[in-house]
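Hello,

Here is the structure we spoke about, with the sequence. My notes on it follow below.

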Amino acid sequence: MPELAPLPEVSRRQTLRLLRSTLVLSSAAWAAAPLLAARKETRPVALLVPLTGSHAALGLSMQQAAMLPQSGAPAETGMLRVFDTAGTPAGAAAAARLALKAKAGMLLGPLTAAEVPAVVQAAGGKVPVLAFSNDMALRNSGAFLFGIGASQSTQAILRYARSRGVRTVLVIGDGGPWSVASVDAAKAMEAELGMTVRTVTVAPGAPLPAVGDAPDAVLVPGGGATLLAAARALRDAGVQLLASFQGVDYRPEALAALEGAWIASPDPEAFEGFAGAYAARNGGRPGTIAALAYDAAGIARQLRATNTLNREGLLAESGFPCATGAVRFRTDGSCARSFAILLGGRDGYSKVAVSQGA
């Protein structure tokens, strides 16, 4: 068997040259690593709204509002993709599947509570779902709930009232979902605030019942006939009126009746900035739900710009400024939302305080 030839000896100078070249290559590789990690987020965001069916007009206003934050810059073009849910669970699930097929990094929607489980199931935990529902029964469902909740605004107005010396509150409900949630929230806060809370339910249009000893304040959740009837009845009784709105009520009859009332509501100053931009582009005055779509798109845009378009980004401690009030998301899918405390007057509303994170 032939003998193997010995390997040529490598000189010390060659060895050092080899080591130096290897270190240069290693340094270049390490330098490239942050560049790879900082790759720009390019996935679109999906808006799931009803563009057909009974809620089509609302869905269109949400689409128009959500499109406002988009600029004409190439990086923003196509950032938001819109998918029609038809306002049904089956339609919402189909829309979610199409959005995932389009590589969406986040789903904004659906609109109603009935559609949320279908979208969460279709998403399968692959991307965050930021739903517009305010149904607290959907906490821990896998979706983040972005809707303005009755319990949130009730907590805000009762905390403010307590800070002003109110100890006894009568809550007058009309039996509707917003009213029921407000009553439950008020009763749950009795011990925390050291308040006494009594409740009565009045059918819309029916006279207010005798309520015994006069409380320090009367809370009438939401809007409509029951609120205004209570406001008129209490105007000369020396009892402080409290109200909680999903959106500010500018009707002339509301302004006249709510003079002197303390009201928890999305901040009208922040909302008017959005409403002005919406009117300039689309005409008409947008509602609160359209503002939620605008805010959701703004949140997604912020996360996309910082490469945090994910669950961890939504749970960032700093939260997000919004036209409907600053929000911070919790791990159970609920959100803490700031409200303005308004003083009602015949010519409008003046902001007297801000309730942080109800």
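Helix 10 (residues 268-282) has 15 residues, which should span 21 Å at 1.5 Å a residue; its end C-alpha atoms lie 20 Å apart, so the two agree. The expected span is 1.5 Å times one less than the number of residues. Helices (H or I, at least four residues) and strands (E, at least two) are DSSP runs, numbered from the N terminus.

This is a predicted model, in which local features need pLDDT of at least 70 and side-chain atom pairs count only at pLDDT 80 or more, while totals for chains, interfaces and linings use all residues. Residues are numbered from 1 along each chain as its sequence is written, and side-chain values use heavy atoms, with hydrogens and water left out.

Pro268, Phe271, Phe274, Ala275 and Tyr278 of helix 10 are buried (under 20% relative accessible area; exposed is over 50%, partly exposed in between, with a 1.4 Å probe and protein chains only). They cover an arc of only 125 degrees around the axis, which puts them on the same side of helix 10; the arc is that of the directions from the helix axis to the C-beta atoms. Glu269 and Ala280, on the other side of helix 10, are exposed. The buried residues of helix 10 pack against helix 2 (56-66), helix 11 (288-305) and strand 13 (339-345). At the start of helix 10, a side-chain oxygen of aspartate 267 comes within 2.9 Å of the backbone nitrogen of glutamate 269.

Next, strand 6 (residues 168-173): 5 of its 6 residues are buried, so it is largely enclosed by the rest of the structure. Strand 6 pairs in the parallel sense with strand 7 (residues 196-201) over 6 bridges and with strand 8 (residues 217-221) over 3 bridges; pairing requires at least two DSSP bridges between two strands. Valine 171 has threonine 199 in strand 7 as its bridge partner, and valine 169 has alanine 217 in strand 8.

Finally, confidence. The chain averages a pLDDT (the predictor's confidence in each residue, from 0 to 100) of 85, and 84% of the residues score at least 70. Over residues 1-13 the pLDDT is below 50, and this stretch has 2 contacts in the model beyond near neighbours in sequence (contact means heavy atoms within 4.5 Å). Residues 18-37 also stay under 50, with 0 contacts beyond four places in sequence.

Regards

Key:
A polar contact is a pair of N or O atoms within 3.5 Å; within protein, one must be able to donate a hydrogen and the other to accept it, and residues adjacent in sequence count only if both atoms are side-chain atoms.
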